[in-house]
Amino acid sequence: MRKMTPDEVEFLRLLVGPLYCFTGDDISEDYCHDELAQIKAHPDCVLEPGSTSEIAQIMQYAYQKEIPVTVRGSGTGLCGGSVAVSGGILLSTARLNKVLEIDEGNLVARVQPGVILLNFQEIVEKMGLLYAPDPGEKSATIGGNVMTNAGGMRAIKYGVTRDHILGMEVVLADGEIINLGGKIGKNSSGYSLLDLFIGSEGTLGIVTEITVKLLPLPKKTATLLVPFPSLNQTIKAVPEILKGRIVPNAVEFMEKEIIEAAEKYLGKPFPDKSAPAYLLLRFDGNSKDELEKVYDIAARICLDLGALDVYVADTLDRQQLIWDARGAFLEALKAMSEMDEVDIVVPRTKISCLVNFTQELRHKYQVRIVSFGHAGDGNVHIYILRDNLSAERWQQILPEIMQKLYVKGHELSGQVSGEHGIGFAKKEYLWQSLGQTQMRLQQAIKEVFDPKGLLNPGKVVS
Ligand SMILES: Cc1cc2nc3c(=O)[nH]c(=O)nc-3n(C[C@H](O)[C@H](O)[C@H](O)COP(=O)(O)OP(=O)(O)OC[C@H]3O[C@@H](n4cnc5c(N)ncnc54)[C@H](O)[C@@H]3O)c2cc1C
């Protein structure tokens, strides 16, 4: 694509104000990649608009001049989604960071897209309310979460981001502003454009306001850390726990190797690391008695299935220590080695097949492959680590391993991404997984919303 002209940049600089327009070397390096870090591109200019109206005017101009626009929240994505691979404008939502309303009567909140997840969770929790989506990276924006349909730890009980979005304001490719859904508890009014926008990764429009669902905050939580003699036994326990008719709000699996990496990264000891693998379960409820009854059932099931022990963390401090370590897994791996990631989701009864397959690949290619993830919803995060491999060997085996993993995921009735999205990095695997007919339908949708192909070009279906 062509570079933007100095006149075009100048027009936009005047539109957003000189403090909020960056070009050339003034563009922070952070704006040239996301947390995947391998996909890098320098936009022609970065804009930090302060209102929906400014975004609408930017889009009107970009549409007229045919300038690509890539939206960026916090850039914590893991598939290059917010990287301006076709140049043009990188539009940051950093200044759109206000919680506009918390409506306790309707149990909803209205927020701007640049609100940081952690800040929002803290605000509502102080009011005795819960915003249930809980993706691991708390510095992400709500807008980024919505546009990737982020999942996270609590998905097994509360669902993913999509399940908590009631409405949104969107600026379309030509600058027109539309409102979808609203403060309503149900909606059967025509095709759900709201659902189409959720998870669209900035390829259909720019979300400028979001209405989210809130719930009463459970008063108590308890966490069980359950060591098992093998990873297979750990994972196989998950469907059995759910057959016990109890619903944890998080079920994670992890191996000793990743626990040790997190300990080293955080400089804090984990409560136990004597076993090869662990299941981490969290329950929420309104009283200690209620919680005890439920986690006793889970503990009994685990012990019957060969668990070596069951550690109960019921104070906030002890729980924090465990969940901080879980939250640091990805950063701990990144600190150790260059790597690439896979975010396949399979039916939860098939997780052990997928994880066993990663062990076969590890053996075959003599490369470290570490997996952990949301055992409760079948979403496995698999990390292939370069360690000391030569660049040549790495470039040779990485695509082979990726391809084999995605083929296996497909065979196991899985999907390419459970929560991180497609972005730039996983496009070819989406094609292989969905096939021609579904991709044709997806591209037709893109064409309707973005006929000039300006919104986040080169991503998902384009
Ligand atoms: C340590 C770590 C842990 C993580 N854990 C999880 C997890 O548990 N679950 C999970 O789902 N993800 C997880 N992620 C991935 C990441 O945090 C999520 O994808 C998150 O939703 C991205 O939000 P962001 O604000 O950083 O968006 P960005 O990365 O900036 O953007 C993501 C996509 O959304 C688009 N976008 C952003 N804002 C808008 C907008 N206003 N309008 C239109 N398009 C927009 C961008 O163009 C891009 O395509 C993790 C990442 C890290 C680094």
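This is a predicted model: local features need pLDDT of at least 70, side-chain atom pairs count only at pLDDT 80 or more; totals for chains, interfaces and linings use all residues.

How many residues surround the ligand, and which are the closest?

Reply: The ligand is surrounded by 38 residues, and the closest of them are Gly73, Gly77, Gly81, Gly144 and Gly202. The elements that contribute two or more residues to this shell are strand 3 (69-72), helix 4 (142-148), strand 10 (206-213) and helix 11 (329-336). Of the shell around the ligand, helix 4 supplies the largest share, with five residues. Sorted by class, the shell around the ligand holds 21 polar residues, ten nonpolar ones and seven charged ones.

The protein chain is divided into domain 1 (6-92), domain 2 (99-216), domain 3 (220-329) and domain 4 (337-451). Between domain 2 and domain 4, the C-alpha centres are 26 Å apart, and the contact draws 15 residues from domain 2 and 14 residues from domain 4. On the side of domain 2 that touches domain 4, nine residues are nonpolar, five are polar and one is charged.

Two helix pairs complete the picture. Helix 1 (residues 6-16) packs with helix 2 (residues 52-65) at an angle of about 165°, the axes being 10 Å apart, which makes helix 1 roughly antiparallel to helix 2. The crossing of these two helices, helix 1 and helix 2, is right-handed. In this contact, Glu8, Phe11, Leu12, Leu15 and Val16 of helix 1 meet Glu54, Gln57, Ile58, Tyr61 and Lys65 of helix 2, and by class the contact has six nonpolar, three charged and one polar residue.

The other pair is helix 12 (residues 351-365) with helix 13 (residues 391-411), which pack at an angle of about 155° with their axes 11 Å apart. Helix 12 and helix 13 are therefore roughly antiparallel to each other, and their crossing is right-handed. From helix 12, the residues Leu354, Phe357, Leu361 and Tyr365 meet Ile397, Ile401, Lys404, Lys408 and Gly409 in helix 13, and this contact of helix 12 with helix 13 divides into six nonpolar residues, two charged ones and one polar one.

Terms used
Residues are numbered from 1 along each chain as its sequence is written. A residue is near a molecule or strand if its C-beta atom, placed from the backbone, lies within 6 Å of it. Helices (H or I, at least four residues) and strands (E, at least two) are DSSP runs, numbered from the N terminus. Ala, Val, Leu, Ile, Met, Phe, Trp, Tyr, Cys and Pro count as nonpolar, Asp, Glu, Lys and Arg as charged, and the others, Gly among them, as polar. Axes are lines fitted to C-alpha atoms, for helices over the stretch in contact, and angles run from 0 to 180 degrees between N-to-C directions. Angles under 35 degrees count as roughly parallel, over 145 as roughly antiparallel, 65 to 115 as roughly perpendicular and the rest as oblique. A crossing is left-handed if the near helix is turned anticlockwise from the far one by less than a right angle, and right-handed if clockwise. Two residues are in contact if their C-beta atoms, placed from the backbone, lie within 7 Å. Domain bounds come from an automatic or database domain assignment.
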